[in-house]
Structure formats: C-alpha cells, structure tokens
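Hello,

Here is the structure I promised to pass on to you. Have a look at it first, and then read my notes below.

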Amino acid sequence: MWAYATRRVLGAIPTLFIIITMTFFLMHVAPGGPFDAQRHLPPEIEHNIRAAYNLDKPVWQQYAIYLGRLAHGDLGPSYKNHDFTVTELIAVGLPVSARLGLSAILLAIFIGIGLGTVAALNQNKLTDYGVMGIAMIGITIPTFVTGPILTLFLGIYGLHLFGYDFFLPAGGWNGGALANMILPVTVLALPQIAVIARLVRGSMVEVLRSNYVRTARAKGLPSHIVVLRHALRAALLPVVSYLGPAIAGLLTGSLIVETIFGIPGIGRYFVEGAINRDYTLVMGVVICYAAFVIFLNLVADILYAVLDPRVRYSQ
Amino acid sequence: MSAPGLANRNTVTLERALDIKGRSLWTDARRRLIQNKAAVASIVLLSLIALLAIFVPFFWPYSYAAIDYGAIGCAPDWWPDWNVPCHAGGWHVFGMDQNGRDLFIRVLYGARISLSVGLVATLVSLFIGVSYGAIAGFVGGTLDALMMRFVDVLYSLPYIFLVIVLMVVFNQNFFLLFVAIGAVEWLTMARIVRGQTLSIKQKEYIEAARAAGVGTLATIRRHVIPNVLGPVVVYVTLTIPTIILAESFLSFLGLGIQPPMTSWGVLIKDGADQMETAPWMLIFPALFMGVTLFCFNFIGDGLRDALDPKDR
C-alpha cells in the first residue's frame with residue numbers, strides 16, 4: 001500500500017507543476033498590468049514600482065523567480081493588499097475556509113447517508129419519493145440561489161417557534177461562532193447532501209437485495225444490525241469515490257458562500273483578487289486550491305483502496 | 001410438418017419482414033422520449049421561455065436599460081399586502097428593480113444571455129471535446145496517453161477557477177466569456193468520446209475504410225464521430241445547464257456580464273442585495289433560472305433513457 005501511496009504522491013507533482021506553469025503564463029499574457037488602473041504616475045515612480053515587483057524583467061525570468069520563491073513557500077507580495085504577502089493572506093484565510101469546508105463535508109456525509117438509507121429502506125414509497133424529490137431540487141438549484149433564499153427566511157423573516165423568534169446571523173464570521181456557521185455550512189452542504197443521498201440510495205437498494213444481506217436476515221439478526229453493520233458498509237463505497245468531486249464542488253461553492261455571507265476565507269480573497277486583477281493573489285489561491293484538491297483526491301483514493309479489498313494497488 | 005410447408009412459411013415471414021419499415025436508433029429514441037412526460041413537459045416549458053426571450057423584447061414597452069426614477073424598487077401591482085405604497089408609471093408585471101427598471105424585460109434579457117451562453121459555449125465545448133477525444137482515441141499510443149494525461153491535470157482543478165483566471169486575463173470580455181466557459185468545460189466530453197472511439201475503432205467498417213485508403217482525419221470525421229453521437233447528445237443536454245450555471249456563477253461574483261446588460265446571475269445578485277425590501281427581485285430571476293435548469297436536467301435524463309442501450 002505504501003508503494004501505491006508513494007507512486008500517487010509522486011504522480012501528483014507534475015500535475016501541480018503544470019497547473020502552476022499554466023496559471024503563471026495565462027496571468028502574464030493578460031493585457032494590462034495590475035497598476036494600470038491607478039492614477040497616472042511619473043515614469044520614474046512607475047518604473048520603480050515595476051522593478052520592485054520584478055515586472056520589468058522578461059517573463060521567463062519572472063517565472064524562474066516565482067518558482068524559486070514558491071519552493072520556499074513564498075507566494076510573492078500581493079499587488080493590491082499592500083504590506084501583505086500572499087502567503088500571509090492565505091495563512092489568515094485558509095483556517096477559516098478549511099473549517100467551513102470540513103464542517104460542510106461532514107454534515108453532507110452524515111445527513112446524506114442518513115437520508116439515502118431511509119429512502120432505500122422505504123423504496124418506492126412516499127418517503128423515498130419525498131427524499132429523492134428534495135435531492136433533485138438540491139442538485140439543480142445553485143448555491144447562489146439557496147444562499148440568499150435561506151438567509152431571507154431564516155436570517156431576516158426568522159423562525160417563529162413555540163412563541164419565540166429565532167434569527168440566524170445573515171452574515172459575518174464572528175470568529176467562527178456556531179450561530180454564524182449554521183447558514184453558510186448548510187448552504188454549502190446542500191448540493192452535496194443531495195448527491196450523496198442519491199448515491200447511497202442507489203447502492204443501498206442493490207446491496208439490500210444481495211445474498212449476504214438475505215443470509216444475515218435469515219439468521220435472525222435484528223433489522224438495524226443488518227442495515228448498519230452489513231449493508232451500509234458496502235453501500236458506502238460510491239460515497240468514498242465521490243469524495244473527490246464533492247471536495248471540488250465544495251471549493252467552488254465556497255467562493256459563493258464566502259462572498260454572500262462575508263466570510264474572510266481564501267475564496268473571498270480569490271474573488272476580490274480576480275476583480276482587482278491581483279495576479280499574485282489569484283495565482284497563490286489557485287495553487288493552494290489545486291494542491292488541496294490533489295491531496296484530498298489522493299486521500300480518497302487510498303481510503304477507497306483500504307475499504308475495498310478488491311482494489312489492487314497496481315495502477 | 002412437411003418440408004415444403006416450412007419453406008413456404010419461411011418465405012412468407014421473410015416477405016413480411018421486408019415489408020416492415022426498419023426503425024432507426026433515432027426513431028426509436030424519439031418514440032421513447034415522447035412517452036416520457038417529464039421530458040416532454042420540460043421541452044414545452046423551455047420552448048416557451050425561449051420564445052418569450054426571443055420575441056417579447058421586440059414589442060415590450062420598456063427597455064432593459066430604461067430607468068423610471070419615480071418607481072425605484074416598486075413592487076408588482078398584484079403583490080399581496082405589500083405595505084409600501086408605490087405607483088410605477090405603467091404596468092410592470094414583475095415590479096421594478098433597485099434602479100427603477102422593468103424587471104420582467106430584464107429577466108427575459110437574462111434568459112437571452114443565459115440561453116445563448118449555454119448554446120454557444122456548449123458548441124465550443126462540443127467541438128473541442130469531440131475532436132480531442134476522437135483524435136486521442138483513434139490515434140492511440142503515446143499521443144493518446146499524453147492527451148489524456150493533460151485532461152487528467154485539468155480535471156484536478158475545479159474548472160470554474162480556470163474560467164475565473166481566463167476572465168481576469170481577458171478582462172471580462174463578453175464574447176470571450178462564451179468561449180472561455182466552453183473552452184474549459186470540454187473535459188468530460190473528451191473522455192466520453194475517447195471511450196466510445198476506442199470501441200468503434202475495432203469495428204469492421206473502420207477496417208474497411210482503412211483498406212479503401214481513407215485518411216485518418218477523414219475516417220474520424222466520416223466514420224467515428226457520427227457513431228459516437230448518442231452519448232454525446234445526452235451529455236450536451238447536461239452540459240448546457242452546467243454552463244448556464246457557470247455563467248450565472250461568474251456574473252453573480254461580478255466577473256461575468258457587465259451592466260447595464262444583465263444575466264440571471266446578475267439579477268439574482270441584485271435581488272439578494274435587495275431581498276429585505278424587494279423580495280420579487282430575487283424570486284423571479286431565481287424562479288426562471290431554477291425552472292430552466294430543471295427542464296434541461298429532465299430532458300437530459302429523458303434522452304439518456306431514450307438512447308440507453310440497456311433498456312432496449
């Protein structure tokens with residue numbers, strides 16, 4: 001297994017390298033520099049600024065400098081957030097984004113598996129159709145619609161239960177307080193809950209018909225043990241292989257969620273960087289995301305190989 | 001039974017078989033699609049939205065950019081118990097937006113943009129994906145390995161990031177938006193086409209074409225691509241909503257369509273900003289977009305069922 005893991009890690013390096021190279025050159029063929037929008041500067045000052053950011057050198061030299069710095073974990077200075085390096089900005093934003101994303105994926109896995117199992121156990125009954133109908137809505141309606149609508153109903157109109165009014169904060173992070181996390185995490189998790197519920201339902205329906213489940217029932221095991229111990233384990237394999245795409249989906253969704261709810265994560269830096277043409281920041285975040293996605297895909301693949309003994313470690 | 005009787009019956013069966021008109025895969029598929037109620041209803045609804053988007057702007061009394069300063073953020077006239085008295089100059093079925101523009105015509109312009117982005121970008125992705133996949137699969141060997149490795153690399157990054165990078169690079173140009181989204185969203189198409197090509201490559205008619213001296217590119221164009229169209233058609237109907245979503249996503253973030261032109265993403269963004277005071281600004285664009293996405297998904301599912309060889 002370790003040989004397999006090592007090979008996968010080594011295989012990820014060229015991937016990351018190609019992504020870095022591609023983003024770098026894309027950013028540098030862009031017409032207009034990051035300082036074009038500012039007031040007209042005297043030529044000497046403009047020259048000094050360009051020199052300070054190495055923009056006066058040929059592109060291949062800039063590329064070499066960038067790679068050299070990257071090897072030391074330095075993503076360069078941010079062009080627009082003066083006095084900050086990209087590494088510093090990411091160091092501030094990443095824990096926030098990671099916490100948001102991790103909570104969302106955990107929520108999605110638990111709720112998704114629960115709903116999918118319930119739907120499979122009630123196959124072709126009202127519960128099943130209800131769950132799958134909601135899942136269809138969850139998959140189709142994008143995050144940037146569910147986000148504002150949930151905020152409207154839970155954050156602005158509020159819930160009126162048992163004579164009390166409940167309002168969730170409509171935005172802000174507040175150091176990651178639970179109340180502030182509920183809405184963004186839910187919005188981020190909804191599409192993934194829907195997909196996971198559909199996956200689990202599909203595989204669970206098949207597993208429940210298999211011989212070993214019938215055997216388990218025949219020896220008189222209680223129903224919940226058959227479902228939880230025997231069936232669920234096999235039914236979870238598609239979920240594990242879906243983890244990679246789920247994470248990609250979460251990263252995409254986090255751009256929206258962080259923007260809507262004003263959460264200071266790297267997704268918001270990315271969007272602001274893109275609007276302000278802050279090349280180094282955009283590149284830094286893309287590289288960070290790419291490394292993240294590649295790493296988590298790796299983990300998902302290895303996890304899959306561990307869970308499913310039929311998978312061989314050869315490629 | 002005597003031998004002549006058997007022969008006679010066989011002849012009759014054969015004659016009857018010759019009388020029956022053969023049903024092609026596409027006739028079969030169309031018949032199955034028409035039986036799928038959800039798909040048919042989606043096609044009707046989607047055509048309705050498209051027709052509204054195409055024709056209504058020609059005679060609608062308000063333009064998408066015309067501002068009525070007296071009617072900023074006015075509710076639709078029929079909006080239930082809305083306690084802000086507001087009298088828009090004229091009849092506005094969806095109310096007014098935060099700048100006093102008729103929301104109905106803006107939603108329809110949003111539909112124009114979203115649907116045309118969906119179609120154009122899908123065509124771009126179709127062109128790139130099909131030619132890429134067919135060449136990789138047909139030529140095979142090292143070229144195939146290299147080309148597919150490149151696809152794997154791009155796959156490892158959520159494509160919306162590449163689109164955003166492209167949008168930054170090309171300075172939010174309207175037409176490049178179409179191309180950029182399509183140019184990034186072809187990976188799955190390339191994989192599907194490559195997989196199909198690999199199996200088609202083994203068929204006798206390809207060998208026959210080669211024996212007859214047809215060149216590689218001509219073989220791909222004449223014999224491979226027409227035969228991979230089934231899965232491609234299904235995937236195209238699923239690509240259109242993805243692309244509409246991507247465009248709205250970008251516009252929502254302020255990286256796509258620039259004002260005063262609008263798209264559903266922009267409208268939903270504006271609506272989200274104003275939802276406390278003017279919820280209709282969020283509800284109508286979101287409704288149109290949700291319905292459109294649902295329709296495309298149902299049509300895609302219907303087509304998949306119709307073309308899926310497993311059901312036959």
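Let me start with a helix pair: α1(A) and α12(A) are roughly antiparallel to each other, because angles over 145 degrees count as such. The two helices pack at an angle of about 160°, with their axes 10 Å apart. Axes here are lines fitted to C-alpha atoms over the stretch in contact, and angles run from 0 to 180 degrees between N-to-C directions. Helices are DSSP runs (H or I, at least four residues), numbered from the N terminus.

Before going on, please note that this is a predicted model, where local features need pLDDT of at least 70 and side-chain atom pairs count only at pLDDT 80 or more, while totals for chains, interfaces and linings use all residues. Residues are numbered from 1 along each chain as its sequence is written, and chains are lettered from A and ligands numbered from 1 in the order in which they are written.

Back to the pair: residues of α1(A), including Leu16(A) and Phe24(A), meet residues of α12(A), among them Val286(A) and Ile294(A). Contact means C-beta atoms, placed from the backbone, within 7 Å. By class, this contact has 20 nonpolar, two polar and two charged residues (Ala, Val, Leu, Ile, Met, Phe, Trp, Tyr, Cys and Pro are nonpolar; Asp, Glu, Lys and Arg charged; the others, Gly among them, polar).

Between the chains, 37 residues of chain A are in contact with 31 residues of chain B. The side of chain A that touches chain B has 29 nonpolar, seven polar and one charged residues.

As for confidence, the model scores ipTM 0.75 and pTM 0.78.

Happy exploring!

Definitions and conventions
Contact = placed C-beta atoms within 7 Å. Parallel < 35°, antiparallel > 145°, perpendicular 65-115°, else oblique.
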